[in-house]
Amino acid sequence: MRTSRAPLASPASRTARRTRRTRRYGAAGAAVLSLALALTLGTQATAVPGPPDAAGGPASAAPDTGIRQYEVTGVRGAPERSALAATGTAIDEVLHGSVLISADAAEAERLRALGYELAPLPAAAAGSGDVQAAAPSDYHTYESMRAVVDAAVARHPDLVSSQVIGRSHEGRDIIAVKVSADVAVDEPEILFTHNQHAREHLTVEMALYTLEELTSGYGSDARITRLLDTREIWLIPSVNPDGKTYDTESGAFRSWRKNRQPNAGSSAIGTDLNRNWDYMWGCCGGSSGSASSATYRGAAPESGPETRVVADFVRSRVVGGEQQITAHIDFHTYGELILWPYGYTYADTAPGLTADDRDAFAAVGRAMAASNGYTPQQSSDLYITDGSIGDWMWAEEGIFSYTFEMYPRSASGGGFYPPGNVIDRETARNREAVLILLENADCMYRSIGKEAQYCS
Ligand code: 0X9
Ligand code: ZN
């Protein structure tokens, strides 16, 4: 059995495919940790209900979770956003001088008590102006996603296979879909993960779009044919099937983010899977130790069964001491951003992340952003997170890992729930970015003119 490693414990060594560098870390330091402890304000496990919000208009709040969006004013710059995030609040959107958050009434009251100014969004973000309201039926369910995958396997047995890589807390299968023509041996592998956050349904649609595009393009589109002949592509369409199901099963959206795992000693449910990864877990004020928080990091790294399942899958791709997966995108919504590591520190370079690594991240990140109009940046430019997937993928596995925040750019486009009539456009919008990553995945350092140095 694998034992959990303390965040600052001894360095792990691993060899990144084709780079054969051994990356060492571990000296990130007590300074970071103590700063984190100073920053992290305790959150209450049992929240005291505050007064109801006097917001006019149709509320975007879900009937049973009471979670709605608020604008928090007077929050400018990454340090201020990180300080807010360190209270355990999940930031949905960054505006000029303010941010949007999702909170229930108790959480809103707690933040006000800390001195923050919160204004509930006046009306449902979606369903106003030109944007039509979304309904759960606009998106695939977990079950209908499975049916689409099964149909693709049946239709293209030589190209597509699906395997159960483990189970969620509630026992749903977490599946990985492999797309490859399997012509060549020793092909670079690329991983796409989707739906770590329950309410980010557009990301599951992205997985199904990519599956359809790759399978229908093989043999007809020269570029896709070449890629499937020379790459192995893995899609995990839903990392958090329990959360996705919970978010929509009542017929109304619940604005749920976490998984559905109970927490010992608390009535609060769920771990934020994107704070539960085993690198610098809980180090730096970028997650919460409170079970009731939207960014609860869990009792230990990989305590979320879904995190463990995906991490084990990634570790299983180490063959002959080499991680076969070279590049990865973790799809989220929203904001229209392309983010790269690290999230736990503002530093551009850090243990395990050299200037060349950073430059290659930025070069491919910017090339992808040029294709879809997203904003490319280091993830901590947004706010600090710790225990997030990209930091783990890079630091522990040597995988060039990007986080995409898909459509919309702002709450006015529907926030986490854009209408179904944008799905085709907003998934196809990432076609070129996906192909760019697939093409670069054999040598990410080619993007900075250093193929000979790193990839020969
Ligand atoms: O907070 C997250 O996990 C991601 N945003 S979301 O709205 N989808 O929840 C962003 C993670 C990127 N990492 C950092 N900002 N450090
Ligand atoms: Zn997310």
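**Helices, sheets and a metal site**

User: Which residues make the contact?

Analyst: From α9 there are V364, A367, M368, S371 and N372, and from α12 there are E432, A433, I436, L437 and N440. Contact is heavy atoms within 4.5 Å. By class, that's six nonpolar, three polar and one charged residues (Ala, Val, Leu, Ile, Met, Phe, Trp, Tyr, Cys and Pro are nonpolar; Asp, Glu, Lys and Arg charged; the others, Gly among them, polar).

User: Before I go on, what kind of model is this?

Analyst: It's a predicted model, where local features need pLDDT of at least 70, side-chain atom pairs count only at pLDDT 80 or more, and totals for chains, interfaces and linings use all residues; side-chain values use heavy atoms, with hydrogens and water left out. Residues are numbered from 1 along each chain as its sequence is written, while chains are lettered from A and ligands numbered from 1 in the order in which they are written.

User: Back to the helices: at what angle do α9 and α12 pack?

Analyst: About 155 degrees, with the axes of α9 (355-372) and α12 (431-440) 8 Å apart. Axes are lines fitted to C-alpha atoms, for helices over the stretch in contact, and angles run from 0 to 180 degrees between N-to-C directions. The two helices are therefore roughly antiparallel (over 145 degrees; under 35 is roughly parallel, 65 to 115 roughly perpendicular, the rest oblique).

User: New topic. What coordinates the zinc ion?

Analyst: H197 (ND1), E200 (OE), E200 (OE) and H332 (ND1) do, at 2.0 to 2.3 Å. Donors are N, O and S atoms within 2.8 Å of the metal (3.2 Å for Na, K and Ca), and sites may look incomplete as water is not among the atoms.

User: How are those donor residues spaced in sequence?

Analyst: The pattern is H-x2-E-x131-H. H197 sits in the loop between β8 and α5, H332 is in strand β12, and the two are 135 residues apart.

User: And that loop, which residue there has a positive phi?

Analyst: N195, in the loop between β8 and α5, has phi near 70 degrees, and N195 is not a glycine. Most residues other than glycine have a negative phi.

User: What order do the eight strands of the open sheet take?

Analyst: β6-β7-β9-β8-β12-β15-β13-β14, with mixed pairing. Two strands pair if DSSP finds at least two bridges between them. The edges are β6 and β14, and the twist averages 20 degrees from one strand to the next.

User: Where are the cis peptide bonds?

Analyst: One joins P341 and Y342, with omega about -5 degrees; Y342 lies in the loop between β13 and α9. Another runs from Y407 to P408, with omega near 0 degrees.

Note on methods:
Helices (H or I, at least four residues) and strands (E, at least two) are DSSP runs, numbered from the N terminus.
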